[in-house]
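Hello,

Here is the structure we talked about handing over. My notes on its pockets and a few strands follow below.

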Amino acid sequence: DDMNAQELAFVVHVGDITSGRGPCSDAWFEARQRQYQRLRHPLILIPGDNDWVDCHRSGHDPMERLDKMRRLFHSGDRSIGQRSIALERQSSNPRFAQYREHVRWIAGDVVFIGLNVQGSNNNLGRTPAMDEEYRRRNNAVLAWLEESITLAIDRRLAGALIFVQANPDFEGRYQRKPGARDGLEDFRNALRQQALRFGKPVLLVHGDTHIYQQDRPLTDPVAGTPIGNFVRVEVPGSPQTRWLKAGINKRNSGVFAVSPAPPPTPQP
């Protein structure tokens with residue numbers, strides 16, 4: 001209701017439309033789809049780990065749940081919501097036909113890039129089948145990110161905004177199972193490489209660990225200093241159910257401006 005009361009170009013949801021222990025049922029997901037259709041703005045949603053990776057905790061098959069998410073929220077080439085915008089999906093490439101949730105579009109001279117990168121160690125280290133899922137999806141993620149930054153370079157765009165569910169664990173705090181490889185290392189390395197290659201403002205927006213933060217967590221491997229054109233924003237999560245309002249100003253050297261939205265105006 002608060003977002004509907006404001007003029008917004010579109011809304012991005014970085015995943016986790018249920019809790020870490022569900023519910024993961026069809027009824028729950030379909031209720032969320034109906035809820036999101038109340039938005040009068042275009043809505044772009046990517047899956048979170050609670051929505052499929054962690055659904056094994058409530059007796060569901062993670063891959064079947066991801067397929068359900070794709071059918072509900074990624075079935076066409078437009079966003080959901082009462083008003084929609086056109087999206088380009090990685091699934092248009094036969095090599096990556098299943099990855100409909102990998103999206104991009106251009107607005108305000110900025111490319112927006114949605115990727116299925118997950119908390120829970122990015123679905124690596126639980127079962128051999130999930131390790132293979134990670135390997136294939138990770139290849140698709142890295143390919144879509146590189147292709148999208150190349151597009152931004154070729155079109156001389158002013159910036160790039162990347163959104164994922166996972167906290168990429170820049171600080172190395174995630175506790176993995178003994179012997180499990182870091183499922184987010186490749187993504188962190190790709191972010192560093194692509195930010196340096198692009199050389200213009202790159203904003204990463206993610207959820208996962210629920211605490212609002214805005215910083216420059218990537219280090220230039222040569223200079224040993226923070227990469228100045230890369231900013232990370234984590235959106236607040238439960239119990240802090242607030243949204244962030246962002247804008248684009250090409251006259252600003254950083255291009256992006258992000259701040260917590262003001263509290264809703266009390267209704268008389």
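Pockets and strands

At least two residues of the largest pocket's lining come from each of β1 (11-13), α1 (26-36), β7 (202-206), β10 (244-248) and β11 (256-260); helices (H or I, at least four residues) and strands (E, at least two) are DSSP runs, numbered from the N terminus. β10 provides the largest share, five residues. This is a predicted model: local features need pLDDT of at least 70, side-chain atom pairs count only at pLDDT 80 or more, and totals for chains, interfaces and linings use all residues. Residues are numbered from 1 along each chain as its sequence is written, and side-chain values use heavy atoms, with hydrogens and water left out.

The largest pocket has 50 lining residues, with Met3, Val11, Val12, His13 and Trp243 nearest its centre. A pocket is an open set of points on a 1 Å grid over the protein atoms alone, where a 1.4 Å probe fits, with protein on both sides within 12 Å along at least five of seven lines; lining residues have an atom within 4 Å of a point. Its space is about 1600 Å³, a volume being the space filled by probe spheres set on the points, which are joined across faces, edges and corners.

The second largest pocket holds about 310 Å³. Its lining has 19 residues, of which Asn167, Asp169, Tyr174, Asp208 and Thr209 lie nearest the centre.

Strands β4 (residues 103-107) and β3 (residues 88-89) run antiparallel, joined by two bridges; strands pair if DSSP finds at least two bridges between them. Arginine 89 is opposite valine 103 in β4.

Regards
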